[in-house]
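Visitor: I have a model open and want to go through the packing. Can we start with the ring pairs?
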Amino acid sequence: MPTVLGCSAIRTDTGAYWYCCGDWRLRGVADAYPAILAYIPREDMDVDSEKFKTLLIEGQTFIKVYGQPIEVYRELLRSIQGDAYFPSALGKVAFVKQSRIAEIKNPVAFTSVFLQAMPRERSAFRSMAEVLYIPVETIGVSGSTLVLSLPERRHEIDIVFYGRAACRRIFRAIEQNRNDAVFSRASMPPFHLPFQHQGVWLDPQFSEGERERHFLDGASVRVLRPIAGVTVGITDDRDGIFFPSVYGTNKRRRLISFRPGHRGFFRRGERVHFPL
């Protein structure tokens, strides 16, 4: 199988778009990529589509599935996508069959195309890259901007950084410069990672590098039992920025979350409580 960068946009032969969650496999799931369903053609929906956000792609209207509550998301996934994926219970993650993939959009390859036509964003990217001490051409552009693959101004731009060591350093640098003089101190409620720079809202994503093996690659994942009435202390947050988020705890176990909103959410020294 070809290597697919994290945060790539995948289009299946069902007409749907997915966000790739990295290049890793679970044991027993071969020839498939982990991904979260992002957009589906509106005509595929039997429910009232007026309640959903939409995106116009090449004259066709798509419904945004990505941000829906988990129950709604899973119902749409089951009812519409058929056998294009291997079912899973890892949050919103499904494993898209390679044989059903019609197109893969590369975040890094798209960046130069995007910035060439967007002068304000190009200036913000170059300035941000200088602050973070990274080449601007190593930054990816993902999200709905990549799905559209058109230089178009949107409410925020999903940007992607690659490589574990580089991502950890970049995340620290972003946090250290959130002072309103460089990167905005405020975010975009209810989200915590986006920041504004030179009038452009940027939402950072972090992924392993192309040659780095994901810690879940080849693993078996299953639910043993639910936990409740437990409080853990976060002792290691270095891998909390990736997907899934991984945090070390004082219980000699790791806290692993497949919720995208948990990336970079918990910090070392915090306590996390699981209620009864």
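Guide: Rings of Phe, Tyr and Trp (its six-membered ring) pair if their centres lie within 6.5 Å; planes under 30 degrees apart count as stacked, over 60 as edge-to-face and the rest as tilted. This is a predicted model, where local features need pLDDT of at least 70, side-chain atom pairs count only at pLDDT 80 or more, and totals for chains, interfaces and linings use all residues. Residues are numbered from 1 along each chain as its sequence is written, and side-chain values use heavy atoms, with hydrogens and water left out.

Visitor: How many aromatic pairs does a search of the whole structure find?
Guide: The search gives eleven aromatic pairs. One of them is Trp18 with Tyr85: the ring centres are 6.3 Å apart and the planes are at 50°, so the pair is tilted.

Visitor: Where do Trp18 and Tyr85 lie?
Guide: Trp18 is in strand β2 (residues 17–20) and Tyr85 in strand β6, so the pair ties together parts 67 residues apart in sequence. Helices (H or I, at least four residues) and strands (E, at least two) are DSSP runs, numbered from the N terminus.

Visitor: Is Trp18 buried or exposed?
Guide: Trp18 is buried, at a relative accessible area of 0%. Tyr85 also counts as buried, at 9% relative accessibility. Buried means under 20% relative accessible area, exposed over 50%, partly exposed in between (1.4 Å probe, protein chains only).

Visitor: And what about the rings of Phe171 and Phe206?
Guide: Their centres are 5.8 Å apart and their planes are at 90°, so that pair is edge-to-face. Phe171 is in helix α5 and Phe206 in strand β12 (residues 200–207), 35 residues apart. Both Phe171 and Phe206 are buried. Ring pairs join Phe161 to these two in a cluster.

Visitor: Which residues have the most contacts inside the largest nonpolar core?
Guide: Phe125, Met128, Leu132, Ile159, Phe161 and Phe206, in a core of 39 residues. A nonpolar core is a set of buried Ala, Val, Leu, Ile, Met, Phe, Trp, Tyr and Cys residues joined through side-chain atoms within 4.5 Å. A second, separate core has 34 residues, among them Val4, Ala94, Phe95 and Leu216.

Visitor: What is Leu132 in contact with, leaving aside its neighbours within four places in sequence?
Guide: Phe161, Arg169, Ile170, Ala173, Ile174 and Phe183. Contact means heavy atoms within 4.5 Å.

Visitor: Change of topic. Which residues of helix α2 are buried?
Guide: In α2 (residues 107–116), they are Pro107, Phe110, Thr111, Phe114 and Leu115. They cover an arc of only 125° around the axis, which puts them on the same side of α2. That arc is taken from the directions from the helix axis to the C-beta atoms.

Visitor: What do they pack against?
Guide: The buried residues of α2 pack against β8 (101–105), α3 (119–132), β9 (140–142), α4 (143–148) and β10 (157–162).

Visitor: Where is confidence lowest in the chain?
Guide: In strand β6 (residues 85–90), at a mean of 81, while helix α5 (residues 164–176) is highest at 97. The chain averages a pLDDT of 91, and 97% of the residues score at least 70. pLDDT is the predictor's confidence in each residue, from 0 to 100.
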